[in-house]
Amino acid sequence: MIHASFKGRIGGFVLDAEFEALGHGVTALFGPSGCGKTTVLRCMAGLTRLPDGQLTVGAKTWQAGRKFTPIHRRAVGYVFQEASLFAHLSVRDNLCYGLKRAKGPLRVGEEEVVSLLGIAPLFERPTATLSGGERQRVAIGRALLSQPELLLMDEPLSALDRLSREEILPYLERLHARLEMPVILVSHDMTEVERLADRLVLMERGRVRAEGPLAPMLADPDLPLIHRPDLASVLEGEVVAVDDAYGLSQIAVPGGVIVVPGRLGPAGARRRMRIPAADVSLGRNPPSDTTILNALPATILSAEPEPNGSPLITVRLKLGRETGGALLLARISRKSWDSLGFAPGEPIVARLKATSLSHPSTSMETAPDWQEDDDVRD
Ligand SMILES: Nc1ncnc2c1ncn2[C@@H]1O[C@H](COP(=O)(O)OP(=O)(O)OP(=O)(O)O)[C@@H](O)[C@H]1O
């Protein structure tokens, strides 16, 4: 694990943030503009020194009391909003620079980075000719090749337009799936967080409001995240079957099996699904005579009316009838909730449209398939 605690004042801003980040996987720092996310990242890198700080990364302590490891002695990779590549060097030479900076043992090889990020076709290009998304992939590759013990990413996609963001996200998902390096991702884009993060640290005005595994944090009734207009659940599971004829896959999650578009095999592969709460409807019986592919037994946990006299209510469910089912969120009208007389604890059937299950984490081999399915969604 990584333990971080930074307290102090920078100009008029007071930071008092303490949190745990994962030793393997992606921890997202999420919060509104100005809440201190970048400042925390700078403290972790050693770019900013607050007198009251502590940082341990695995077995190493980089800051504690009067101990402060300077930035050049920390094995940290830093990816900024705008890729800062050397303009006079080719892509290959930019990557070599990363390798030359490497400290400590080889954690990730050049071939692996080049293949995961799809950089080989860009090798001989001058960096000035790259698109924004290509530049950012090279910047990430360079940071990885410096063999960091910790990769810090500060809004790595925010300078890109929507299409470039869509293009680069599958590469980041692949890195996430294949590399074991700890990553701290600063973002204020929840879509990015839903696709990439395993753990979430929610910041507000220089403090940590809450932290924990991603899915329960998104569904926590005491946090403001549950009232987001584009609320979605994030579920992870294992591919159990692929229907080649219809181009569908079955993914087993705790408490149920979900059918999603795309050939997302091989069997056993881990996949992540984002299920928009607005695309989940509730009923007492399995539907008949319907195009719905997913009708999953579930249990109502609680219901939270949306604030400000909204006509909507958010229902927290767990899949299946047993304990341990995955959390699922549904946003329905208060009128339907009242007229059907649902209540917490009640067993119900959650219906979700397979076509609403956009962007499961896919390998690149399956991504084109998935995009086709996405294009025809209703
Ligand atoms: N060197 C500095 N001197 C004075 N104030 C600073 C300094 N650096 C940051 N701040 C202030 O600290 C606060 C937190 O800034 P920070 O960049 O960490 O926020 P953030 O959450 O990353 O915001 P954003 O999402 O907009 O990038 C802001 O109010 C900022 O103006």
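**View 1. The largest nonpolar core of the predicted model.** This core holds 96 residues. Among its members, Ala28, Leu152, Leu185, Leu200, Leu328, Ala330 and Ala350 touch the most others. A nonpolar core is a set of buried Ala, Val, Leu, Ile, Met, Phe, Trp, Tyr and Cys residues joined through C-beta atoms within 7 Å. Helix H4 (residues 132-145) gives the largest share, six residues. Domain 1 (2-218) and domain 2 (232-375) each contribute at least three residues to this core. Numbering starts from 1 along each chain as its sequence is written. The model is predicted: local features need pLDDT of at least 70, side-chain atom pairs count only at pLDDT 80 or more, and totals for chains, interfaces and linings use all residues.

**View 2. Surroundings of Leu200.** Leu200 touches Ala28, Phe30, Val193, Glu211, Gly212, Leu214 and Met217. Residues up to four places away in sequence are left out. Contact requires C-beta atoms, placed from the backbone, within 7 Å.

**View 3. The two domains.** The domain assignment, automatic or from a database, gives domain 1 (2-218) and domain 2 (232-375). Their centres, taken over C-alpha atoms, lie 31 Å apart.

**View 4. Secondary structure and burial.** The protein has nine helices and 20 strands. Helices (H or I, at least four residues) and strands (E, at least two) are DSSP runs, numbered from the N terminus. Buried residues make up 40% of the 378 residues. A residue is buried if 20 or more other C-beta atoms, placed from the backbone, lie within 10 Å of its own; 12 or fewer make it exposed, and in between it is partly exposed.

Notes
Contact = placed C-beta atoms within 7 Å.
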